[in-house]
Amino acid sequence: MPPLKNDCFALPPGVHWTPVDEALADLRTRLSSVVDTETVPVSGALDRILATDITAPRAHPPLPNTAVDGYGFLNGRGEGDHHIPIVAQHMPAGATPDTSVPAGTAIRILTGAALPSGVDTVILQEDVEVKDNAIHFTGPIKQGANTRRAGEDVKVGDVIAEAGRKLTPADLALLSAVGVSDVELRRPLRVGVLSTGDELVQTGEDAGPGQIYDANRPMLRGLIARLGHLPVDLGAVQDDRDALRARLDDAARQVDVIFTSGGASAGDADHVSALLNEAGAMALWRIAIKPGRPLALGMWQCKPVFGLPGNPVAAMVCTLVFGAPALATLAGAEWAAPQGFMVPAAFSKSKKAGRREFLRARIRGGQVEVFASEGSGRISGLSWAEGLVELPDDAMSVAPGDLVRFIPWGGFGA
Ligand code: AMP
Ligand code: MG
């Protein structure tokens, strides 16, 4: 008889475990934006999602201008000593460039001022001596020195931001610089958060023996807010099918998408998956991920439902890995693949083939450390962590100093 293989317990036999990338690709092709649009002033558009491409109505800079305080004239000058008489006018920033500077003369000009006609070169004030109403300096200076060309940053008609972009402070600067005052944005996505379980009590209540405090709901509301959506608190509900059904009906009228935690497996008390099954639009996704399986995905009265596992660590990992990009898509944003980077490990670990693993992790001293316990009920480890180490689907053994992929919370957008 052949000996048992080392990985014989890796995954239950007879079940197809969907690889993480396959699950993500499915979500990506099946989901699309579910929110309509509204027009908002640029000043109120931070972290909101653009609904249309934005083209520049004005160039930046709009006219050629000077990058320094100095003296402007026509053409560069070669090696040797030069002196150029100064004209009476001067050009502060904001002045209309309606003067004409005669050939062989220079004009006093200040940073940001448009170049008047007859000027294409500016010498830094520190590089000249002003004497007898003329500037004296030693060449060479190249034609065009210290000036900015019209449109060198942005040309009229350039696409400066694409539909689906989440606007950053720098984007607000760019839009404002070319004179955009209002933008069409996606309405914020309303994400309902519901906890399920007979064992749950809320903070502020007395917890009886056998009861636990609801930790997932504040965490998920916080995550959803960090991801840039509008969390809607749907409370907690007992493991009671009718109560859950009523709560989902109510939720479907208020929100765009529903996140539940707990009750997502196929057991007797797993009413979330049972109801989604009953509604006929359910896929119990057995995803090859640790921590995190199973994830119940379904539709309830035309609203997508993410049935997250009850374990807080699994609920958070599933929200970051699957929820974040899915919500971005529903909100009208670009698909948001997590951004991680390779860091030397400060730990040892060996993993089997066939599932992706995420470890609670943080960087200290240029190395990534992982939380001592992988138990998916250990909330203290989530709180300790500053991101996740992602170990690939294949078997792997990590020794200290090996490069592993670290994704900070911000790399998930959270
Ligand atoms: P379930 O997915 O419902 O089987 O729950 C898995 C584990 O997560 C159980 O130990 C639950 O008590 C726990 N759990 C479920 N919901 C929550 C919650 N909202 N806060 C903290 N732990 C929870
Ligand atoms: Mg439960």
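Start by selecting residues 241-254, helix H4, together with residues 271-278, helix H5: their axes come within 10 Å and cross at roughly 65°. That angle makes H4 roughly perpendicular to H5, because 65 to 115 degrees counts as roughly perpendicular. Look at the handedness while you're there: the crossing of H4 and H5 is right-handed. Bear in mind that this is a predicted model.

Next, show side chains where the two helices touch. On the H4 side, pick Arg241, Leu244, Arg245 and Leu248; they meet His271, Val272, Ala274, Leu275 and Glu278 in H5. Colour that contact by class and you'll get 5 nonpolar, 1 polar and 3 charged residues.

Now keep H5 alone. Is H5 mostly covered or mostly open? Mostly covered: 6 of its 8 residues are buried. To see them, select His271, Val272, Ser273, Ala274, Leu275 and Leu276. Then step just past the end of H5 to glycine 280, where phi is positive, at about 80°.

Last stop: jump to residues 20-30, helix H1. Which residues of H1 are buried? Select Val20, Ala23, Leu24 and Leu27. Look down the axis and you'll find these four on the same side of H1, because they cover an arc of only 100° around it. Turn to the other side of H1 and pick Thr29 and Arg30, which are exposed.

Terms used: Residues numbered from 1 in each chain as written. Chains lettered and ligands numbered in written order. Predicted model: local features only at pLDDT ≥ 70, side-chain atom pairs only at ≥ 80, totals over all residues. Heavy atoms only, no water. Axes fitted to C-alpha atoms, helices over the stretch in contact; angles between N-to-C directions. Parallel < 35°, antiparallel > 145°, perpendicular 65-115°, else oblique. Left-handed = near helix turned anticlockwise from the far one by under 90°. Contact = heavy atoms within 4.5 Å. Nonpolar A, V, L, I, M, F, W, Y, C, P; charged D, E, K, R; others polar. Buried < 20%, exposed > 50% of the residue type's maximum accessible area, 1.4 Å probe, protein only. Arc of directions from axis to C-beta.
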